[in-house]
Amino acid sequence: MTDAHCHLNFHSFETDYDEVIKRAHEAGVTRIINAGTSLDSSTKAAEFAEKYPNLYAIVGVHPHHADKLEDNWTQELEKLTKHPKVIGIGEIGMDYYSYQSNGIVDPKIQREVFEKQIELAYKTGLPFQIHNRHAGIDVIEILTHHKNSFQTVPGMFHCFAGTKEVLRDALNLGFYIGFDGNTLYEGLAPGETVTLSELANLTPLDRMVVETDSPYLTPPPHRGKRNEPAYGMITATYLAKLKGISLEQFGEQTDKNVSTIFTKL
């Protein structure tokens with residue numbers, strides 16, 4: 001199986017990433033895609049991909065960092081896309097949720113940075129991975145505006161959450177949908193109106209991928225501890241049961257889906 005989005009390039013793993021990667025492989029997670037959130041973390045993701053044969057990178061600027069960029073950031077990001085194991089742009093998008101560690105960045109700045117990265121995806125021929133939190137209507141509007149420049153498979157929504165209408169529109173625009181360990185959490189996330197398990201049930205199997213967002217969104221029974229790619233198998237087992245198929249069938253299909261999105265794999 002593939003973990004389609006994690007952050008082994010973050011500080012949480014700086015002392016034991018070798019062991020984390022080994023545990024993932026032993027659990028059945030044979031490919032790991034590290035996502036950048038800034039130029040620094042994107043560079044680290046590319047460096048990790050160079051070091052390990054089963055690791056790949058996507059590079060991009062998260063909306064939290066949209067107001068912390070130098071003038072030449074697009075040129076620097078484009079340089080990173082030339083790396084042979086950089087397979088996409090991300091994570092990019094919009095975020096209207098106020099975190100303790102980061103307030104809401106000016107939506108105008110978020111949009112400008114998001115659109116520049118969509119344009120870079122078009123220029124480089126790479127798919128992109130979308131971060132959306134409480135900004136679904138605006139994200140869909142921006143994507144619809146740019147849809148004529150999309151590849152056949154433009155990319156995927158990372159850690160999907162939102163309304164049924166946003167899910168419908170994302171699928172209609174050609175995007176694949178990522179689900180994480182929080183799909184197993186009970187109840188609704190703050191500000192949401194539809195459970196993740198219901199959204200997963202509505203997502204066709206041939207458009208679904210599994211990710212962990214490690215070190216975040218740890219599934220039960222490990223919730224409260226650091227997440228890691230090996231725990232993606234817990235989410236996969238839950239989603240396979242939700243779809244009424246075996247874990248083997250689910251893994252084969254979602255791996256195929258990841259390869260359809262990221263053609264450089």
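The model is predicted, local features need pLDDT of at least 70, side-chain atom pairs count only at pLDDT 80 or more, and totals for chains, interfaces and linings use all residues. Residues are numbered from 1 along each chain as its sequence is written, and side-chain values use heavy atoms, with hydrogens and water left out.

Helices (H or I, at least four residues) and strands (E, at least two) are DSSP runs, numbered from the N terminus. Two packed helices are described by the angle between their axes and the distance between the axes. Helix 5 spans residues 136–146 and packs against helix 6 at an angle of about 20 degrees, with the axes 10 Å apart. Axes are lines fitted to C-alpha atoms, for helices over the stretch in contact, and angles run from 0 to 180 degrees between N-to-C directions. Helix 5 and helix 6 are therefore roughly parallel to each other (angles under 35 degrees; over 145 is roughly antiparallel, 65 to 115 roughly perpendicular and the rest oblique). G136, I137 and I140 of helix 5 meet V166, D169 and A170 of helix 6; contact means heavy atoms within 4.5 Å. By class, this contact of helix 5 with helix 6 has 4 nonpolar, 1 polar and 1 charged residues. Ala, Val, Leu, Ile, Met, Phe, Trp, Tyr, Cys and Pro count as nonpolar, Asp, Glu, Lys and Arg as charged, and the others, Gly among them, as polar.

The backbone was examined next. Most residues other than glycine have a negative phi, and most peptide bonds are trans. C159 is not a glycine, yet has a positive phi of about 45 degrees. C159 is found in the loop between strand 6 (155–157) and helix 6 (164–172). C159 is buried, at 16% relative accessible area (buried is under 20%, exposed over 50%, partly exposed in between; 1.4 Å probe, protein chains only). L217 has a positive phi of about 55 degrees. L217 is partly exposed, at 23% relative accessibility. The loop between strand 8 and helix 8 holds L217. P221 is also found in that loop, and the peptide bond from P220 to P221 is cis, with omega near 5 degrees. The bond from G90 to E91 is cis. E91 is found in strand 4 (residues 86–95).

G178 lies in strand 7 (residues 176–179) and is buried, at 0% relative accessible area. Its contacts include C159 and V209.

Notes: Lists of a residue's contacts leave out its neighbours within four places in sequence.
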